[in-house]
Every structure is written in C-alpha cells, then in structure tokens.
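These are my notebook entries on a single model. I record below what I looked up, one topic at a time.

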Amino acid sequence: MLTDTQREALSSSLAQVNRLVLGKETAVTMSFVALLADGHILIEDLPGLGKTTLAHAIAATVGLDFQRVQFTSDLLPSDVVGVSVYEGSARRFEFHGGPVFTNVLLADEINRAPPRTQSALLEAMAEQQVTVDGTTHRLPDPFFVIATQNPVDLSGTYPLPDSQLDRFLLRLTLGYPDRDAERALLSGSDRRTLIAETLPRLGADDLRALRQAVTTIHASPALIDYVQALMARSRQHPGVRVGLSPRAGLALLRAARAFALLQGRGHALPDDVQTLFPLIASHRLVAEADAAGDGLAASILQAVPVD
C-alpha cells in the first residue's frame with residue numbers, strides 16, 4: 001500500500017490536472033489509471049476538446065519530459081524513432097534519437113500517418129525500446145504514449161491495425177465540457193500559461209514506486225474468475241468476430257489494480273472491472289459488419305453475472 005506521503009502526492013496530482021483540464025474528471029482519472037498501470041491511451045475525439053492540454057498537464061504535473069509529434073501523411077519512421085548519421089570526425093555512424101525518446105509522447109492524429117510510420121511506435125509501446133540498424137536503444141523510464149485521432153474527419157487517414165490498437169491500454173473520449181466548465185475556460189487564464197507555471201507534484205522515481213505499488217494490489221481468485229468469464233463470453237458473443245485475447249485480460253486486471261490504488265484500496269473489486277471493461281475491450285473487439293465495439297462491450301458485461 002501507499003505511504004501517507006505517496007497518497008497525498010497522488011491526490012494532489014489528480015487535483016492539479018483537474019484544475020488544468022476542466023470538467024474532465026473521468027478522463028483524467030482514467031489517464032492516471034493508464035499511467036500507473038504502465039499502459040498507453042488512445043483518445044478519439046474532435047479537435048479543440050483538450051487532448052493536447054491533457055497530455056501537457058499530466059507531463060507537467062508528474063515532472064516528466066514531454067514531446068509532441070504531429071502525424072502526417074509524409075511522416076517517416078525515422079522522424080519518430082531517430083536516425084543514424086555518419087560523423088566524419090569519428091568515422092562512424094552515430095544514432096540521433098527522435099522524439100520517441102521522452103517520458104510522455106503525444107502522437108497527435110496518429111491515423112494520418114501511413115502504416116509503416118504507425119508501426120514505428122509498435123516496438124516502443126510494447127517493449128519500451130527501438131531498434132535501428134540492428135542496434136537496440138532503450139527508451140526512458142517511465143514511457144507513456146497518448147495518441148489521438150479524429151473519429152469524424154477520416155479523409156486521407158489510415159486505420160490503426162488491430163496489432164497496434166491492442167497496445168493501447170485504454171481508449172477514451174473527452175466530449176464537450178459542461179456549461180460551468182466551458183464558462184470557466186472562456187473567462188479564465190489561458191491553459192498554456194497555467195501549465196507553464198505548473199510545479200511538479202511527483203517525479204519519475206515517485207511514478208516508478210507507484211507502479212510497483214500497483215502490482216501489490218490484491219486480485220482475489222473470484223475476481224480472476226469474473227475476468228475469465230468476460231474473456232470467454234467475448235469469444236462467443238453474438239456480433240463478435242474476434243474476441244478478447246489473454247493479453248486483454250492481463251490489461252484489465254492491471255488497470256483494475258491501478259484504479260483500486262487510486263481509490264485508496266488494497267484490493268480490486270468487480271466494480272473496478274465493470275468500470276474499466278468498456279474502455280479496455282471496445283477497441284480490441286473485432287465486430288461483425290453490423291455491430292459496434294462500444295455496444296458489444298456493454299452487452300458482454302450485461303451477459304456475465306457477478307457471482
């Protein structure tokens with residue numbers, strides 16, 4: 001479990017991000033779930049709703065290095081991971097790391113880049129390393145990817161392959177702010193100015209300790225049975241062409257432990273699993289032509305009772 005100091009630092013971090021990203025408490029909480037569970041998030045929403053602000057706010061609050069890459073149709077893999085350059089004075093090739101060598105990477109409009117460039121992130125997200133010219137380079141620890149895509153303007157985009165979608169722990173939407181939050185945004189200070197003045201509440205060492213604490217959260221055999229039942233149901237549920245893999249089950253348990261830690265508990269509950277399941281399952285389920293992943297995830301939850 002957490003010490004009083006760790007608990008206070010985590011609580012103040014959440015509160016600070018919520019002050020910077022107004023009216024998005026659920027999205028902020030789920031972003032911290034992914035961060036603590038050593039996962040990555042995909043945010044699907046319209047431009048201007050705070051995706052970049054959320055990424056900046058998390059990086060500033062946790063005291064991490066931040067890089068943003070605008071994915072475009074002409075972006076090359078080397079623009080993301082880096083390139084080897086011949087150094088005449090040394091008479092050898094020297095590797096120059098790309099923007100992926102950071103703690104928090106915002107991959108903005110990731111589906112606008114061609115598949116080869118999208119896949120450049122695959123090894124980084126899965127293994128926390130990149131391989132260039134046969135040499136493997138470790139990425140900083142912690143490493144956290146926030147990718148975005150616009151679900152409406154799909155002209156000139158390349159859908160993310162299932163193998164890359166599976167690397168995102170959670171898929172989120174932000175939505176429009178409510179009236180009070182929008183009023184506060186319109187009448188308050190510029191978000192970029194506030195973020196620039198933000199002081200870190202945590203550090204890289206603190207985050208690594210919190211991630212270790214997540215692994216100590218208890219998941220009972222009954223809870224694991226429930227997760228297994230959800231996985232099994234997803235593979236035979238009407239409208240599902242390809243169900244959830246064991247990796248998805250591991251992701252669900254890891255996220256449930258992180259959510260329990262944020263709630264101050266030493267054990268995960270079925271309620272945690274039910275809260276997280278749609279965010280973890282909807283982008284991993286391969287639906288039949290007339291079905292949608294979001295609805296399928298909710299339907300699977302309803303079909304599996306909690307014993």
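**Entry 1. A histidine in a loop.** I began with His237, which sits in the loop between helix H10 (221-234) and strand S10 (240-242). Helices (H or I, at least four residues) and strands (E, at least two) are DSSP runs, numbered from the N terminus. The model is predicted, so local features need pLDDT of at least 70 and side-chain atom pairs count only at pLDDT 80 or more, while totals for chains, interfaces and linings use all residues. Residues are numbered from 1 along each chain as its sequence is written, and side-chain values use heavy atoms, with hydrogens and water left out.

Is His237 buried or exposed? His237 is buried, because its relative accessible area is 7%; buried means under 20%, exposed over 50%, and partly exposed in between (1.4 Å probe, protein chains only). I then looked up its partners. The side chains of His237 and Ser299 are joined by a polar contact of 2.8 Å. A polar contact is a pair of N or O atoms within 3.5 Å; within protein, one must be able to donate a hydrogen and the other to accept it, and residues adjacent in sequence count only if both atoms are side-chain atoms. Not counting residues up to four places away in sequence, His237 touches Leu296, Ser299, Ile300 and Ala303, contact meaning heavy atoms within 4.5 Å.

**Entry 2. Helix H1.** I checked the length of helix H1 (residues 4-20): its 17 residues reach 24 Å from first C-alpha to last, close to the 24 Å expected at 1.5 Å a residue. The expected span is 1.5 Å times one less than the number of residues. The buried residues in H1 are Ala9, Leu10, Ser13, Leu14, Gln16, Val17, Asn18 and Leu20. I noted that the buried residues of H1 pack against H2, H3, H8, helix H9 (204-214) and helix H11 (246-262).

**Entry 3. Thr26.** Thr26 belongs to helix H2 (residues 25-36). I list Thr26 as exposed because its relative accessibility is 57%. From Thr26 to Ala9 I count 17 residues in sequence and 19 Å in space, C-alpha to C-alpha.

**Entry 4. Helix H3.** H3 has 12 residues and reaches 17 Å between its first and last C-alpha, close to the expected 16 Å. How many residues of H3 are buried? I find 9 of 12, so H3 is mostly covered. Among the buried residues are Lys51, Leu54 and Thr61. Gly63 follows H3 and has a positive phi, near 70°.

**Entry 5. Val83.** Val83 lies in strand S3 (residues 82-87) and counts as partly exposed, at 39% relative accessibility. Leaving aside neighbours within four places in sequence, Val83 is in contact with Ser78, Glu94, Phe95 and His96.

**Entry 6. Helix H12.** Helix H12 (residues 270-281) should span 16 Å with its 12 residues, and its end C-alpha atoms are 16 Å apart, which agrees. Its buried residues include Asp272, Phe277 and Ala281.
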